[in-house]
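Visitor: I am new to reading protein structures. Can you walk me through one, feature by feature?
Guide: Gladly. Look first, then ask.

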Amino acid sequence: MEPELLELESFLPYRLYRLADTVSREFSRIYKERHGLTRPEWRTLSGLGQRGTMTATELGEQSAMHKTKVSRAVAELERRRWLTRTPDENDRRVEHLTLTRAGLAAYREMVPLAKAFERELLARLSEAERTAITKGVAALESRLSGVEANRSEIDV
């Protein structure tokens, strides 16, 4: 008897990974062309733009990035003078990261481009398909919310 094979092309986790990677690469062209950002730098910029002040640990949890990627992205955005680090008053090992005026301006410039990208992506689907994918993704997120987020990293 032959061993059972796993056909990756039809295996849902693999398909989701490939889809996320394809969409991420497509969107990355926009922020790379506009500001020369890498995916980790974009995720750091957008996380801080959305939330205001965060620690590197919080950024890693929000964006599912490994701490070394967060650290490199923070260092590069600081080099560009797009973010500042403020040591925590109670724990000097912790730094609070905040966008500077220039970082916030770059983030605000990218928001409408990101929203337009999402609209164009969803416009490729019918209304029924948009509803189905939105509900399906939300259902998977809700059922998997207890699963450790950083178990496997996807560059979105």
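Visitor: Let me start with a side chain. With which side chain does the side chain of Arg39 make a polar contact?
Guide: With that of Ser24, at 3.0 Å. Keep in mind that this is a predicted model. Arg39 sits in helix H2. Ser24 is one of the buried residues of H1.

Visitor: Is Arg39 buried or exposed?
Guide: Read the relative accessible area. Buried means under 20%. Arg39 has 14%, so it counts as buried.

Visitor: Which other residues of H1 are buried?
Guide: Besides Asp21, they are Ser24, Phe27, Ser28, Tyr31 and His35. Now think about helix geometry. An α-helix has 3.6 residues a turn, so residues three or four places apart point the same way. Hold that idea against the list.

Visitor: What covers the buried residues of H1?
Guide: The cover includes helix H2, residues 39-51, and helix H5, residues 101-123.

Visitor: Where is the kink in H1 centred?
Guide: On Ser28, and the kink is about 25°. Ser28 is also on the list of buried residues.

Visitor: Now H2. What span should its 13 residues have?
Guide: At 1.5 Å a residue, they should span 18 Å. The end C-alpha atoms of H2 are 18 Å apart, so the two values agree.

Visitor: How many residues of H2 are buried?
Guide: 11 of its 13, so H2 is mostly covered. Among them are Trp42, Leu45 and Leu48, and also Glu41 and Arg43.

Visitor: What do the buried residues of H2 pack against?
Guide: Go through the neighbours. There are the helices H1, H3, H4 (67-79) and H5. There are also strand E1 (83-87) and strand E2 (95-99).

Visitor: Which residues other than glycine have a positive phi?
Guide: Ala64 is a case, with phi near 55°. Ala64 lies in the loop between H3 and H4. Arg81 is another case, with phi near 65°. Arg81 lies in the loop between H4 and E1.

Visitor: Is Arg81 buried or exposed?
Guide: The cut-off for exposed is over 50%. Arg81 has a relative accessible area of 67%, so it is exposed.

Visitor: And how does Val137 count?
Guide: Val137 is in helix H6, residues 127-143. Its relative accessibility is 40%, so it counts as partly exposed.

Visitor: Now step back. Which elements make up the protein?
Guide: Six helices and two strands. From the N terminus, the order is α-α-α-α-β-β-α-α. The C-alpha trace spans about 60 × 35 × 25 Å along its principal axes. Of the 156 residues, 26% count as buried.

Visitor: Last, what is the average pLDDT of the protein?
Guide: It is 91, and 94% of the residues score at least 70. Over residues 149-153 the pLDDT falls below 50. Beyond near neighbours in sequence, that stretch has nine contacts in the model. Where pLDDT is low, the predicted coordinates should not be read in detail.

Definitions and conventions:
Residues are numbered from 1 along each chain as its sequence is written. This is a predicted model: local features need pLDDT of at least 70, side-chain atom pairs count only at pLDDT 80 or more; totals for chains, interfaces and linings use all residues. Side-chain values use heavy atoms; hydrogens and water are left out. The bend at a residue is the angle between axes fitted to the seven residues ending there and the seven starting there. Helices (H or I, at least four residues) and strands (E, at least two) are DSSP runs, numbered from the N terminus. Buried means under 20% relative accessible area, exposed over 50%, partly exposed in between (1.4 Å probe, protein chains only). Contact means heavy atoms within 4.5 Å. A polar contact is a pair of N or O atoms within 3.5 Å; within protein, one must be able to donate a hydrogen and the other to accept it, and residues adjacent in sequence count only if both atoms are side-chain atoms. pLDDT is the predictor's confidence in each residue, from 0 to 100. The expected span of a helix is 1.5 Å times one less than its number of residues.
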